Amino acid sequence: MTISLPDAVRADTPGCLDSVFLDSAGSSLPPRQVVDAVVAHLRREAEVGGYRAAAERVDDLAAVKESIGRLVGASPSTIALSDSATRSWCDFFYAIDLSPGDRILVSTLEYASNAVAVLQRAAATGAVVEVMPVDSSGIVDVEALEKTMDDRVAVVSVVHAPTNGGALAPVRAITEIAHRHGALVLLDACQSIGQMAIDVGDLGVDAMSATGRKWLRGPRGTGFLYVSDRILQNVEPRSLDLHSATWTAPDAYEVAPDARRFEVWENNVAARLGLGVAVDYLLELGVDAVESAVRERAEYLRSALAAVDGVTVHDLGEHRSGIVTFTTTAADPAVVRSELHARDISVTVSSRSSTRLDMTDRDLEAVVRMSPHCFVSFDQLDVAVAAVAAL
Ligand SMILES: *Cc1c(COP(=O)(O)O)cnc(C)c1O
């Protein structure tokens with residue numbers, strides 16, 4: 001299988017041909033190979049039942065973790081498949097031991113689901129939540145962070161690419177500081193996986209959560225967790241089942257030695273196979289090629305939007321993802337979204353409640369979000385910008 005950018009990818013993505021799809025940060029368009037794999041497995045389940053159908057695909061199912069491992073530079077034994085990024089993030093976060101006075105560090109760009117979990121656990125354990133300092137560009141200020149670190153920091157939560165803008169976090173620098181003080185680093189790679197190269201060894205993180213449906217272009221209801229070998233043995237999940245643990249004697253159980261301890265037995269096998277196909281598709285395409293195609297489109301969009309009267313582009317930082325956010329004096333973000341939907345241009349709105357700290361700091365209630373994947377043509381970007389200009 002050789003796939004070229006962007007023509008072959010466009011041909012594999014029927015949905016992108018007639019409409020302008022700018023919501024890969026929400027839920028992307030899967031390649032037809034992914035859809036075919038999912039549908040074929042559902043049909044097979046209807047013929048022979050879910051157990052036999054899964055048994056027939058046991059090698060392909062094992063290969064899903066191998067593919068993900070190849071994508072992020074990790075061994076398959078450090079990958080746990082799940083049904084969402086939030087599930088994976090929480091499974092790890094709730095497994096961390098916290099005592100009164102322990103410090104949990106988050107960034108201003110923390111995602112709401114993570115923030116709620118952090119607050120719940122802080123209330124239950126007496127740990128304290130603190131926000132890492134930012135520099136003038138709104139990015140974590142690593143020098144200022146270094147000064148605030150001490151050995152009470154138990155865990156640092158880093159969002160690689162936030163949901164509400166293009167800013168990329170200096171993950172490696174944060175990890176180095178955190179590790180000097182014995183803190184764990186949990187990376188939310190939901191908006192970076194699939195659109196840029198990620199190597200967990202280079203980043204040095206202890207754990208990482210990701211979703212299937214966004215830039216990876218996998219099915220909904222898929223996600224995964226990476227947990228480093230260095231710490232895997234020290235984190236026992238808060239809930240277990242007969243897949244993550246074995247009932248070894250009437251009064252004893254053993255937790256799985258690898259990342260499987262963070263999985264549950266029951267799962268959507270068709271979706272999982274689809275996720276594997278999505279990852280293989282990306283690997284075949286080349287993550288670097290996708291990364292530069294996405295970056296080129298996002299930068300093109302930012303400059304074109306910024307040139308429209310009344311439009312303000314809101315993306316922070318110098319190193320940016322494929323997420324482009326803006327507001328316009330012509331209409332509220334929700335109105336912009338519905339006007340664009342009426343022209344078959346898919347965009348979404350990111351509101352304050354998803355990233356409350358940053359949006360409050362910047363006095364923003366909501367922004368329009370455009371997230372072009374590599375299959376979007378430049379002509380289509382022009383169509384979207386013209387539609388904004390016509391509001
Ligand atoms: C979408 C998103 C999540 C949550 O992913 P789910 O698969 O919906 O659980 C987490 N973090 C960020 C930054 C996101 O954009």
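I started at strand E3 (residues 103-106), which runs parallel to E4 and is joined to it by four bridges. Within that pairing, I found Leu105 with Glu130 of E4 as its bridge partner. For my own bookkeeping, helices (H or I, at least four residues) and strands (E, at least two) are DSSP runs, numbered from the N terminus. Two strands count as paired if DSSP finds at least two bridges between them.

Ground rules: this is a predicted model, where local features need pLDDT of at least 70 and side-chain atom pairs count only at pLDDT 80 or more, while totals for chains, interfaces and linings use all residues. Residues are numbered from 1 along each chain as its sequence is written, and side-chain values use heavy atoms, with hydrogens and water left out.

**Seven-strand sheet**

Next I read off the strand order, E2-E8-E7-E6-E5-E3-E4, in an open sheet of seven strands with mixed pairing. Strand E2 (79-82) and strand E4 (128-131) are at the edges; each has a single partner strand, so one side of each lacks a neighbour in the sheet. I noted an average twist of 20 degrees from one strand to the next. Such angles run from 0 to 180 degrees between N-to-C directions, with axes as lines fitted to C-alpha atoms, for helices over the stretch in contact.

Further in, strand E5 (residues 153-159) runs parallel to E6, with five bridges between them. Val159 sits opposite Asp188 of E6. I then checked how covered strand E6 (residues 184-188) is: five of its five residues are buried. Buried means under 20% relative accessible area, exposed over 50%, and partly exposed in between (1.4 Å probe, protein chains only). Leu184, Leu186 and Asp188 point one way from E6, Val185 and Leu187 the other, and all are buried.

**Ser209**

Buried or exposed, I asked of Ser209? Ser209 is buried, at a relative accessible area of 1%, and belongs to strand E7 (residues 207-211). What does Ser209 touch, leaving aside its neighbours within four places in sequence? I listed Ala85, Ser88, Trp89, Leu187, Asp188, Ala189, Cys190 and Phe224, taking contact as heavy atoms within 4.5 Å. Ala85 is 124 residues from Ser209 in sequence, yet their C-alpha atoms are 5.5 Å apart in space.

**Four-strand sheet**

I moved on to an open, antiparallel sheet of four strands, ordered E11-E12-E15-E14. Strand E11 (311-313) and strand E14 (348-351) are its edge strands, each pairing on one side only. Here the twist averages 40 degrees from one strand to the next. E11 pairs antiparallel with strand E12 (residues 324-328) over three bridges, and Thr312 is opposite Thr327 of E12. Helix H14 (residues 333-342) lies across E12, E14 and strand E15 (366-370), at about 30 degrees to E15.

**H13 against H16**

I logged the crossing as right-handed, meaning the near helix is turned clockwise from the far one by less than a right angle (left-handed if anticlockwise).

On the H13 side, Glu296, Arg297, Tyr300, Leu301, Ala304 and Leu305 meet Phe378, Leu381, Asp382, Val385 and Val388 of H16. By class, I noted eight nonpolar, no polar and three charged residues in this contact. Nonpolar covers Ala, Val, Leu, Ile, Met, Phe, Trp, Tyr, Cys and Pro, charged covers Asp, Glu, Lys and Arg, and the others, Gly among them, are polar.
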